[in-house]
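Let's take a walk through this fold, one neighbourhood at a time. Have the sequence and the model open as you read.

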Amino acid sequence: MSSAALNFFNVTKNLTYAILGTGALGGFYGAKLQQAGLEVHFLVRSDYESVRRNGLFVESVDGDFRLNRVNAYCDVRNMPACDVAIVALKTTQNHLLPDILLPILKENSTVLVLQNGLGIEEEVAAIIDRYKVSGHKIGETKIIGGLCFLCSNKVGDGHIRHLAYGKINLGEHKNNSQHGGIADEMQIIANDFESAGIPIELSSDLLLARWKKLVWNIPYNGLSVVLDATTEELMTNPNSLELVKELMHEVLRGAKSVECDIPLEFIETMLEHTRNMHPYRTSMKIDYDEKRPLELTAIFSNALQAAFSRGVNLPKIRCLYQQLQFLDLRNRTNAVK
Ligand SMILES: NC(=O)C1=CN([C@@H]2O[C@H](COP(=O)(O)OP(=O)(O)OC[C@H]3O[C@@H](n4cnc5c(N)ncnc54)[C@H](OP(=O)(O)O)[C@@H]3O)[C@@H](O)[C@H]2O)C=CC1
Ligand SMILES: CC(C)(CO)C(=O)C(=O)O
């Protein structure tokens, strides 16, 4: 075990966790970790008063549970520094990360990014580098990405509805797109999640894992908004199904352009997975219906740019992205009227 990992492990026999964004995903995983006996601190926004008074309620396919007391904060400056900072905001809020993330880092903290999309760990690494350059000493901060195969919604104040799945695929972020290997810190965090009943897969190639997740998110999140459809409708209509497949093929081309080889059979696996799902309103569709900004930069723009920088155009994904940008802007312009 590396000395940083030993430090990480010894200083705090039990790791402490900060949940930055107590929503559908952060509320679910944070509550599961606390239920398993870990110390968890939750940054809460609109429902802070309710969560402070009444805790969190998780209505789950795996069994409902209530946490009557949670460590809730409405201001990150009142939170203790934690061993693991879990980024669980929507990526549309990531411009707030310098203010939200940096105050809770301590010597050798790990940042665990559980958001969908591409380029997020790079953004976090740049924020941390700037912080260090400005004279702050926070030691070596590991950045780990997690791809969450989860269907969860926040349905009320402190109320999370977990509909299906929950597995997380973890991979370490390395500069220069090297493969990360399996860091000791990652194994320790994985053990905590597994003790909370969350299945974990460890990956030595985070970039590949992120592109594989996009094989699902690009077609289904995008088309669910543009076509106003659930996953079931997209799968049963032959025209939309064709479009889903074409978009998946383009994601594979994008991945290949950055040396991430996703086997063709993976498309069939994703289609089969979706056929077996309950009809699902994707998170992007929920955001659209709620007139919230869509995660277009992380899920679409960063993928298009990565491929474009290698001379590869992805015209169907680009076309979908342009339509989504139109709808997103109109939706939010109308929302503020
Ligand atoms: N939900 C799911 O099943 C899955 C989600 N993901 C990804 O996980 C990420 C999070 O998504 P999800 O949990 O669904 O989104 P939610 O909108 O449910 O959760 C985000 C949370 O962040 C909080 N928040 C936003 N801004 C601030 C702020 N300034 N200070 C404190 N809290 C803030 C929001 O507060 P408030 O409650 O007040 O809005 C909200 O509770 C996304 O990248 C998504 O794509 C990935 C796989 C599955
Ligand atoms: C694919 C899905 C719905 C669950 O497997 C998911 O993880 C997501 O919404 O990003």
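Which residues in H7 meet Ile-299, Phe-300, Ala-303 and Ala-306 in H12? The answer is Trp-211, Leu-214, Asn-217, Ile-218, Asn-221 and Gly-222. One caveat before going on: this is a predicted model.

## Where H7 meets H12

Helix H7 covers residues 206-226 and helix H12 covers residues 296-308. Their axes come within 10 Å and cross at roughly 125 degrees. An angle counts as roughly perpendicular from 65 to 115 degrees and as roughly antiparallel over 145, so H7 and H12 end up oblique to each other. As for handedness, H7 passes H12 in a left-handed crossing. Sorted by class, the contact of H7 with H12 has seven nonpolar and three polar residues, with no charged ones.

Gly-117 sits in the loop between E7 and helix H5 (120-133). Is Gly-117 buried or exposed? With 3% relative accessibility, Gly-117 counts as buried.

Leaving aside residues up to four places away in sequence, Gly-117 touches Arg-210, Leu-214, Ala-298 and Ile-299. Leu-214 and Ile-299 also turn up in the contact of H7 and H12. Leu-327 is another story: Gly-117 and Leu-327 are 210 residues apart in sequence, and their C-alpha atoms are 19 Å apart in space.

## Strand E8 and its partners

Strand E8 runs over residues 142-156 and is mostly covered, with 11 of its 15 residues buried. Strand E7 (residues 105-113) pairs with E8 in the parallel sense over four bridges. Here Val-111 stands opposite Ile-143 in E8.

Strand E9 (residues 159-172) also pairs with E8, this time in the antiparallel sense and over 12 bridges. Ser-152 is one residue to look for here, as it stands opposite His-162 in E9. How many residues lie between the strands in the hairpin of E8 and E9? There are two, and in this hairpin Gly-158 takes a positive phi near 60 degrees.

Asn-108 is not a glycine, yet has a positive phi of about 65 degrees. Asn-108 is found in strand E7, and at 12% relative accessibility Asn-108 counts as buried.

Tyr-165 is not a glycine either, and has a positive phi of about 60 degrees. Tyr-165 lies in strand E9. With a relative accessible area of 36%, Tyr-165 is partly exposed.

## H9 against H10

One more helix pair to finish. Helix H9 takes in residues 238-257 and helix H10 residues 265-275; their axes come within 10 Å and cross at roughly 140 degrees. Why does this pair count as oblique? Roughly antiparallel takes an angle over 145 degrees, so at roughly 140 degrees H9 and H10 are oblique to each other. The crossing of H9 and H10 is right-handed.

On the H9 side, the contact is made by Leu-241, Val-244, Lys-245, Met-248, His-249 and Leu-252, and on the H10 side by Ile-267, Met-270 and Leu-271. By class, that contact of H9 with H10 has seven nonpolar residues, one polar and one charged.

Methods. Residues numbered from 1 in each chain as written. Chains lettered and ligands numbered in written order. Predicted model: local features only at pLDDT ≥ 70, side-chain atom pairs only at ≥ 80, totals over all residues. Heavy atoms only, no water. Axes fitted to C-alpha atoms, helices over the stretch in contact; angles between N-to-C directions. Parallel < 35°, antiparallel > 145°, perpendicular 65-115°, else oblique. Left-handed = near helix turned anticlockwise from the far one by under 90°. Contact = heavy atoms within 4.5 Å. Nonpolar A, V, L, I, M, F, W, Y, C, P; charged D, E, K, R; others polar. Buried < 20%, exposed > 50% of the residue type's maximum accessible area, 1.4 Å probe, protein only. Pairing = 2+ DSSP bridges.
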